[in-house]
Amino acid sequence: MSKLTLDRILQSQGFGTRKWCRELISDGEVTIGGETVTDYRAGFGTAGLAFTLFGEEWLYREHVYIALNKPADFECSRKPSHHPGVLTILPEQFTWRDVQPVGRLDHDTTGLLLMSDDGAFIHAQSSPKRHIPKVYVATTDEPVTPALTGQLLDGVKLHDEPAPLAAQSCRMIDTHRLEIVLEQGKYHQVKRMLAAAGNHCSALRRSAIGALTLDALELEEGEWCYLDDAQLMLLAPT
Ligand code: URA
């Protein structure tokens, strides 16, 4: 089992610079197995390592995989300009760990957003070659009709896209709501597809990615959770 010194462990988990982590340890703010550890050079195996910092319990994680039920009025971009960034919803150490959103939701789109500090995972999940279905619930200004769902299934031509884009599936939920499943993740895709089909999207929520659903995660808007291996498996392409 690989061992790391306690200052490196704390730093790797996003609790600040090495110097700052050393101070926290020397000040007696860290316990392991119920004992306060004040020697920052003490080595510990990282697998399954539990520790407390300021009395709060943490588990060592090489990478973090997070699901957030994104509220409206938060931006996914690295440099948010008009609204706070989604990272501000999470504890500060995730910013230090360089956690990033996997893909983007518009500032006014709510629902399931994955976040991680594992570059390979972010890349794999974002790759257009993976064909991971994303499920959205769109609220529309004009009524949802069979003609509308038919158009979205057949494909609509978007400005700047060489070929028409089609929904993988699409069904009416009620007079002004539809569920649409997309395999691509083009800029404003749902809103632009609805506009191209003669309607207007007034609200958008992502309810699932692959077989991972927000309902199963039971997250209220603004809540987040770590994803375990079984949940990550649900993100595989269909
Ligand atoms: N399609 C959109 O139009 N916006 C999103 O945020 C996601 C998909």
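Buried, in what follows, means under 20% relative accessible area, against over 50% for exposed and partly exposed in between, with a 1.4 Å probe and protein chains only. This is a predicted model, where local features need pLDDT of at least 70 and side-chain atom pairs count only at pLDDT 80 or more, while totals for chains, interfaces and linings use all residues. Residues are numbered from 1 along each chain as its sequence is written, and side-chain values use heavy atoms, leaving out hydrogens and water.

I'll start with helix α2. Helices here are DSSP runs of H or I with at least four residues, and strands are runs of E with at least two, numbered from the N terminus. In α2, residues 18-26, the buried ones include C21, L24 and I25. Seen down the helix axis, the buried residues of α2 fall within an arc of 95 degrees, taken from the directions to the C-beta atoms, so they line one face. They pack against α1 (6-12), β2 (30-32) and β5 (50-53), where contact is heavy atoms within 4.5 Å. After α2 comes G28, with a positive phi near 80 degrees.

Now the pockets. A pocket is an open set of points on a 1 Å grid over the protein atoms alone, where a 1.4 Å probe fits, with protein on both sides within 12 Å along at least five of seven lines; lining residues have an atom within 4 Å of a point. Volume is the space filled by probe spheres set on the points, joined across faces, edges and corners.

The largest pocket holds about 790 Å³. Its lining has 35 residues, with G103, R104, L105, G185 and K186 closest to the centre.
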